[in-house]
Amino acid sequence: AYACMNEGKPVEAAAMFEAVLAAHPPTPALLNDLGLCYVQLKRHMDAEKIFHGALRIDATCTPARANLGNLYLQMEDPARAEEEYRRAREDSPADASLWNHLALSLRNAGRADESVDCSRRAVQLSPADESLRSNLLFTLLFSRRASARDLFEEAGCWAALRADALTESAAPLTNLPDHERPLRLGYVSADLREHAVASFIEPLLACHDRNLFAVTCYANHTVEDGQSARLRRLVKDWRN
């Protein structure tokens, strides 16, 4: 079953886990893994039942508690997700991922300032985790307490962790500094589709002077829709 999970075969893995459970007493770990298979299969009600089963055996099973919270987050129920994350955090108060997921549930519930506090705690517990800093930076955009200076400083922290070394190691530019040629620009985004980001970037792309700028969009997402088609018409090149 674990081999099937690692190979991305949740249907086969779930069938094997179910066979094991039919022949042996259930354990929290086994139920948790079956629940994860159900989540991958979008069998949310079955996953919820299985995670609760794991917690009936061991109420302190943090993975099952956290995965139940993740499930509620996927089901767009941030209040129930928050409840599970808080209970899991009681057993594992130093787990940065739990603080981060609690922050996500609070942000989804519109409680941005509380979410920022939890994100900062996650970063304190795991300062080298770039995803935690990225989540903090994103959540600050929603916080009424955050100033432009706060956003700038936090962006600098993220850049120092992830971007600066890449910039320093980049090969030197070899193109001719010809002021008469168009400047080539590339925009990379997973949101060149029906998304808030696309609403902001559409007028930007529309206002580029094509005599001065040769623009390429790099769409880092599998979905293309009507908004994608509108953006395509505004740029010189488009790459999936």
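The model is predicted, so local features need pLDDT of at least 70 and side-chain atom pairs count only at pLDDT 80 or more, while totals for chains, interfaces and linings use all residues. Residues are numbered from 1 along each chain as its sequence is written, and side-chain values use heavy atoms, with hydrogens and water left out.

Select 183-189, which is β1, and 237-239, which is β3. Helices (H or I, at least four residues) and strands (E, at least two) are DSSP runs, numbered from the N terminus. β1 and β3 are the edge strands, each pairing on one side only. The open sheet has 3 strands in the order β1-β2-β3, with parallel pairing; two strands pair if DSSP finds at least two bridges between them.

Now select 196-207, helix α12, which lies across β1 and β2 and runs at about 170° to β1. Axes are lines fitted to C-alpha atoms, for helices over the stretch in contact (heavy atoms within 4.5 Å), and angles run from 0 to 180 degrees between N-to-C directions.

Which residues of α12 are buried? Show A198, I201 and L205; buried means under 20% relative accessible area and exposed over 50%, partly exposed in between (1.4 Å probe, protein chains only). Their cover includes β1, β2 and α13 (226-232). Finally, turn to the face of α12 directed away from its buried side, where F200 and C207 are exposed.
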